[in-house]
Amino acid sequence: MPKTAKLSVTEQIQHLSDNALVCRDLMHAWSVDRPYYRVDVEGGVRGGFYVERTKGCMRCGTQRVELYRVFRDRLELIRSHYKYPDGYLIAGAGNVQAIRGRIRREGVRRVLEDMETPEALKDESA
Ligand SMILES: [Zn+2]
């Protein structure tokens, strides 16, 4: 597959794996990869108690690492970051919400490509 940076947004969507396509439509299917563990936070509040955990998507393999501050009665999410599998990110697409309709359209194309589709919908611009 060519490098994604050189593909149009439409081409990148067409190259998404089936799993990535479903996750971009339905959101990830999380499972805990590594349960909460204590971490020291540089620049954290003095006396603050922090934990991290790592979640993994059972479908596409995306990972999310979450950092929380522990309070007596709750956790507060401080920050999180994602590690995406190759080919998951779509360069130049902007906001995820903005392309969700196109993602779903691609899902329909894959399912219906062998079925009869109205001519007017076969043109990509339609
Ligand atoms: Zn996923």
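Which residue of β2 does Trp30 stand opposite? The views below, drawn from a predicted model, begin with the chain as a whole and then return to this pair.

**View 1. Overall arrangement of the predicted chain.** Four helices and four strands make up the secondary structure of the chain. Read from the N terminus, these elements follow the order α-α-β-β-β-β-α-α. The chain has 126 residues, of which 9% count as buried. Where contacts link residues at least 6 apart in sequence, 45% of them join residues at least 24 apart.

**View 2. Strands β1 and β2, with the pair Trp30 and Cys57.** Trp30 stands opposite Cys57, a residue of β2. The two strands concerned, β1 (residues 30-39) and β2 (residues 49-57), are paired in the antiparallel sense over seven bridges. β1 is hardly covered, for the count of buried residues among its 10 residues is zero.

**View 3. The open sheet.** The four strands are arranged as an open sheet in the order β1-β2-β3-β4, with antiparallel pairing. Its edges are formed by β1 and β4 (75-83), each of which pairs on one side only. On average, neighbouring strands of this sheet are turned by 20° against each other, direction ignored. Strands of a sheet pair through backbone hydrogen bonds, in either a parallel or an antiparallel manner.

View 4. Neighbours within four places in sequence set aside, Leu67 is in contact with Val39, Tyr50, Glu52, Ile78, Arg79 and Ser80. The C-alpha atoms of Leu67 and Tyr36 are separated by 9.2 Å, and these two residues are 31 residues apart along the chain.

View 5. In soluble globular proteins, nonpolar side chains tend to be buried together.

**View 6. The crossing of helices α2 and α3.** The axes of α2 (residues 18-26) and α3 come within 9 Å and cross at roughly 135°. The two helices are therefore oblique to each other. The crossing in which α2 passes α3 is left-handed. On the α2 side the contact is made by Leu21, Arg24 and Asp25, and on the α3 side by Ile103, Arg104, Glu106 and Gly107.

View 7. Arg100 lies in α3, which comprises residues 96-112. Why does Arg100 count as exposed? Arg100 is exposed because 12 other C-beta atoms lie within 10 Å, and 12 or fewer is the limit for this class. Although Arg100 and Arg24 are 76 residues apart along the chain, their C-alpha atoms are separated by 7.2 Å. Arg24 is also one of the α2 residues in the contact with α3.

Note on methods:
Residues are numbered from 1 along each chain as its sequence is written. This is a predicted model: local features need pLDDT of at least 70, side-chain atom pairs count only at pLDDT 80 or more; totals for chains, interfaces and linings use all residues. A residue is buried if 20 or more other C-beta atoms lie within 10 Å of its own, exposed if 12 or fewer, and partly exposed in between; C-beta atoms are placed from the backbone. Two residues are in contact if their C-beta atoms, placed from the backbone, lie within 7 Å. Two strands pair if DSSP finds at least two bridges between them. Axes are lines fitted to C-alpha atoms, for helices over the stretch in contact, and angles run from 0 to 180 degrees between N-to-C directions. Angles under 35 degrees count as roughly parallel, over 145 as roughly antiparallel, 65 to 115 as roughly perpendicular and the rest as oblique. A crossing is left-handed if the near helix is turned anticlockwise from the far one by less than a right angle, and right-handed if clockwise.
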